[in-house]
Amino acid sequence: MAQYTGMILTKKGRDLQAKAEAGATLTFTKAKIGDGQLGQGQSLENLNDLINPLKTLAINSVEAESGGLCRIRTNITNQGITQGFYVREIGLFAQDPDLGEILYAISTASAADYLPPEGGATIVNNQFDIIVIVGNASSINATITPSGLVNQEQLAKLQGQVDSLAKSVIGSGVLTGLSFTHSGLTASYTAGSAYVSGIKFDAAAGNIQLNANQGQYIYLDIDGKVKGSTDQAAAQAKCLLWYFSTNATNVITSTDRRSVIDSTQFVKQSDVATSGANKIPRLDGSGKGAFSITGDATTLGGKSVGAGANQIPTRDANSKLVADQLARLKITKSGKDANGKFAHVEYRRESDNTLFLRSILSSPDVNGNYLTDTWTYYKADGTTVAETKVWKLSYDTDGDVTSVI
């Protein structure tokens, strides 16, 4: 395990500290690591940078503590490291109002750890806290990099939010699949996806042995495995899927306890426009929502499609847009990409299985966000094209759609 000296303020760091105690804001900007070692006649206090900086670290959080201390949290990873090295020096940088960015403090290792290159058997992602004395600085902040890695506390909070959202929108948190059949006392299930404790699991198909003469609640656990319990509350606390009542040799009753939803409709309910042409479709508390591109179920491409929950545009015998219920159309998805997104979606009329609408996502950017969504409408025969509409999609830094035009 590495052993480091305490953080030592550089001369410029001490000058900035004095300015901060006089009222200037003390802003930490980044950290660096390297493998440099002091040469003869060198002094840590006189350094303006690390001796041999090899990687820049983003600041995840900064927190003032009692006793004039400040905790700066970052992550040391081997992402982007092509050649491993021993981490012998760690530097903290800050913004001086007169000089610009400076090396504020530095620490060196008396026993250094080796940081291996990326791509090997060892993946490094260690949370690292830098604690410095800031004295009577009146204002302390940091430059937080949005693309920085999420620390464990933030991840736990995010997982809880996702789990709560999944359960509030679709009850059990099941997105698709995990459907059961049974033979004797063996229950078999199809592959599927579900949220448990904020984590999305893709479960493979399998089977589970049922107990005789007991009511059993089948659920997906936090380890991503399908399990059974006689305790309904315990099963509901995870992701409840099915209920079986059995006798000594067979299943007496089988009840589906899932709330299944098309994953293309499971979208964030936060940061949603309350009105406007670019409003994104969202589900209500009952798991329902308007389908139109405005989110108001009133217009699509400038044409009226009616109003009401769960409506999707369809066409009459003259290929004019009318309102129809989502339940009367069957949805088939294909073209799943490396990010788990389906690029092709078909909507077919339930009555005769003719094709009504085909949606094709194309032109992905470097983050895998598709920039174009092409909708092709078909007449009653399911083969003759009635209209084609191309939508241009825009995204924010979180990968959420911000506009559809």
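The model is predicted. Across the whole structure, a search finds nine aromatic pairs and 12 salt bridges.

**Aromatic pairs**

- Phe28 and Tyr104 make an edge-to-face pair, with 5.3 Å from centre to centre and 75° between the planes.
- Phe28 belongs to strand β3 (residues 25-34) and Tyr104 to strand β8 (residues 100-115), so this pair ties together parts that are 76 residues apart in sequence.
- Phe28 is buried, because its relative accessibility is 0%, and Tyr104 is buried with a relative accessibility of 0%.
- Trp375 and Tyr377 also pair: the ring centres are 6.5 Å apart and the planes stand at 75°, so the arrangement is edge-to-face.
- Trp375 counts as buried at a relative accessible area of 7%, and Tyr377 is buried at 2% relative accessibility.
- A cluster of Phe180, Tyr189, Trp242 and Phe244 is linked by ring pairs.

**Charges over rings**

- Lys30 has its charged end over the ring of Phe93, at 5.5 Å from the ring centre.
- Lys389 is placed over the face of Trp391, and the distance to the ring centre is 4.8 Å.

**Open sheet**

- Strands β11, β14 and β15 form an open sheet of three strands in the order β11-β14-β15, with antiparallel pairing.
- β11 (174-177) and β15 (199-203) are the edge strands, each of which pairs on one side only.
- On average, neighbouring strands in this sheet are turned by 20° against each other, with direction ignored.
- Three bridges join β11 to strand β14 (residues 192-196) in the antiparallel sense.
- Gly177 has Gly192 in β14 as its bridge partner.

- Asp98 and Lys19 form a salt bridge in which the closest N and O atoms are 2.8 Å apart.
- Asp98 lies in the loop between β7 (85-96) and β8, while Lys19 lies in helix α1 (residues 11-21), so the pair ties together parts that are 79 residues apart in sequence.
- Asp98 counts as exposed at 59% relative accessibility, whereas Lys19 is partly exposed with a relative accessible area of 25%.
- Arg73 and Asp129 form another salt bridge, and the closest N and O atoms are 2.8 Å apart.
- Arg73 is buried at a relative accessible area of 11%, whereas Asp129 is partly exposed at 25% relative accessibility.

**Further salt bridges**

- Arg348 and Glu346 meet through their side chains in a salt bridge, at 3.3 Å from N to O.
- Arg348 counts as partly exposed at 24% relative accessibility, while Glu346 counts as buried at 19%.
- The two labels follow from the cut-off, because buried means under 20% relative accessible area.

Conventions:
Residues are numbered from 1 along each chain as its sequence is written. This is a predicted model: local features need pLDDT of at least 70, side-chain atom pairs count only at pLDDT 80 or more; totals for chains, interfaces and linings use all residues. Side-chain values use heavy atoms; hydrogens and water are left out. Rings of Phe, Tyr and Trp (its six-membered ring) pair if their centres lie within 6.5 Å; planes under 30 degrees apart count as stacked, over 60 as edge-to-face and the rest as tilted. Helices (H or I, at least four residues) and strands (E, at least two) are DSSP runs, numbered from the N terminus. Buried means under 20% relative accessible area, exposed over 50%, partly exposed in between (1.4 Å probe, protein chains only). A charge sits over a ring if NZ of Lys or CZ of Arg is within 6 Å of the ring centre and within 35 degrees of the ring normal. Two strands pair if DSSP finds at least two bridges between them. Axes are lines fitted to C-alpha atoms, for helices over the stretch in contact, and angles run from 0 to 180 degrees between N-to-C directions. A salt bridge is a side-chain nitrogen of Lys or Arg within 4 Å of a carboxyl oxygen of Asp or Glu.
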